[in-house]
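Let's take a walk through this protein together. Keep the sequence and the 3D view side by side as you read.

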Amino acid sequence: MLIDLPRSLYQEATATDAQRSKIKAIKYVMDTLKNQSASKPDQNILPYRTYIWEGAPEVPEDPATPEIEYKAAWCFKYGEEEWLARKEFGKIKKAATGTAIKAGIGRVNCLTGAPL
């Protein structure tokens, strides 16, 4: 009998003991770094890493095809903090993509990481 589980639960349920051990070790190290930086703000301890992912490339205007208009490139952020919070990469990307009716949420400049 198949049970319909959310993807994250399914991945944990199917993970081997070795995989669970590695995930637990990674979480421990990341939590330790975060706790150290909170308790010792005067020290330069690295925060969680945030990665900038390309959502859509720039589309330049082309005089030969006037129906295609210029569109600026946009990116979104997904990093260690989102991973620890069990936020799915696909859902973050989908929210940033948006729809024809609703603008994307979480878009950032691809070079600076500043919100758009």
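## Ground rules

Two residues are in contact when they have heavy atoms within 4.5 Å of each other. With that rule, G106 touches C75, F76 and K77, once residues up to four places away in sequence are left out.

A word on where this comes from: this is a predicted model, in which local features need pLDDT of at least 70, side-chain atom pairs count only at pLDDT 80 or more, and totals for chains, interfaces and linings use all residues. Residues are numbered from 1 along each chain as its sequence is written, and side-chain values use heavy atoms, with hydrogens and water left out.

## The overall plan

Helices and strands here are DSSP runs numbered from the N terminus (helices are H or I with at least four residues, strands are E with at least two). The protein has four helices and three strands, and starting at the N terminus the order is α-α-β-β-α-α-β.

How much of the protein is buried? Of the 116 residues, 12% are buried, where buried means under 20% relative accessible area, exposed means over 50%, and partly exposed is in between (1.4 Å probe, protein chains only). Among contacts with a separation of 6 or more, 44% join residues 24 or more positions apart.

## The sheet and the helix across it

The three strands make an open sheet in the order β1-β2-β3, with antiparallel pairing. At the edges sit β1 (50-56) and β3, each pairing on one side only. Two strands count as paired if DSSP finds at least two bridges between them; β1 and β2 (residues 74-79) have six, in the antiparallel sense. Within that pairing, E54 stands opposite C75 in β2.

Helix α4 lies across β1, β2 and β3, and runs at about 155° to β2. For that angle, axes are lines fitted to C-alpha atoms (for helices, over the stretch in contact), and angles run from 0 to 180 degrees between N-to-C directions.

## Two loop residues

Let's go back to G106. This glycine lies in the loop between α4 and β3 (107-108), and because its relative accessibility is 45%, G106 counts as partly exposed. G106 and F76 are 30 residues apart in sequence, yet their C-alpha atoms are 6.0 Å apart in space.

Now look at R86, in the loop between α3 (80-84) and α4 (89-97). The phi angle of R86 is near 65°, a positive value in a residue other than glycine. R86 has 42% relative accessibility, so it counts as partly exposed.

## A salt bridge

Side chains of opposite charge can pair when their charged atoms come close. A salt bridge is a side-chain nitrogen of Lys or Arg within 4 Å of a carboxyl oxygen of Asp or Glu, and by this rule the count comes to one.

Which side chains form the salt bridge? They are those of E80 and R49, at 2.7 Å from N to O. The pair links distant parts of the chain, 31 residues apart: E80 is in helix α3, while R49 is in the loop between α2 and β1. E80 counts as buried because its relative accessibility is 12%, whereas R49, at 52%, counts as exposed. Leaving aside neighbours within four places in sequence, E80 is in contact with M30, P47, Y48, R49 and Y51.
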